[in-house]
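Welcome! Have a look at the chain below, and keep an eye out for its sheet and its sulfur links.

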Amino acid sequence: NAETFEDGDRLKVSLTCSRPGDVRLDVAVFQDSETYRPLGEPRIRCGNNSIVPGAFAVTGPAPITVCVDPDPDGPRLSSPERRGAACITLTPLLD
C-alpha cells in the first residue's frame, strides 16, 4: 500500500493471485531506465495477500515502479507496460 519512499527504505512485495496455487514470479524494479531483480524469480504458494520472500532497499531520488509477473515462462519483464504484470509506482518522499 505504499505510495512514497525515502532513500534506504526496505520494501516487500505482497500479491493476490486470481488462481491460487504454486507459481514462479518475475519481480522487477524499474528506476532511472534501469531494471533490477532484487528478489530473483521466487516460487510461492499464491493466494490472498501472499508475501513474496525477501525484501529490498530503495535508493536514489527517482521514482520506482515495482512489477510482478505471475507467468514468467515468457520473456522477462523489460518494462512496466508488460501486459499481465501487476505494477505500482512509488515516488520519493520530498522534504
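This is a predicted model: local features need pLDDT of at least 70, side-chain atom pairs count only at pLDDT 80 or more; totals for chains, interfaces and linings use all residues.

Residues are numbered from 1 along each chain as its sequence is written, and side-chain values use heavy atoms, leaving out hydrogens and water.

**The sheet**
- Five strands make an open, mixed sheet in the order β1-β11-β10-β5-β6; strands are DSSP runs of E, at least two residues, numbered from the N terminus, and two of them pair if DSSP finds at least two bridges between them.
- β1 (4–5) and β6 (34–36) are at the edges with a single partner strand each, so one side of each has no neighbour in the sheet.
- β1 runs parallel to β11 (residues 86–92), joined by two bridges: Thr4 faces Thr91, and Phe5 has Pro92 as its bridge partner.
- β10 (residues 64–69) pairs with β11 in the antiparallel sense over five bridges, and one of the pairs is Val68 with Ala86.

**The disulfides**
- There are two disulfides, each a pair of cysteine sulfur atoms within 2.5 Å.
- Cys17 and Cys46 are joined with an S to S distance of 1.8 Å; Cys17 lies in the loop between β3 (14–15) and β4 (21–24) and Cys46 in β7 (residues 43–46), so the pair ties together parts 29 residues apart in sequence.
- Cys67 and Cys87 have their sulfur atoms 2.1 Å apart; Cys67 lies in β10 and Cys87 in β11, so this pair ties together parts 20 residues apart in sequence.

**Buried or exposed?**
- Buried means under 20% relative accessible area, exposed over 50%, and partly exposed in between (1.4 Å probe, protein chains only).
- Cys67 is buried at 0%, whereas Cys87 is partly exposed at 35%.

Conventions
Helices (H or I, at least four residues) and strands (E, at least two) are DSSP runs, numbered from the N terminus.
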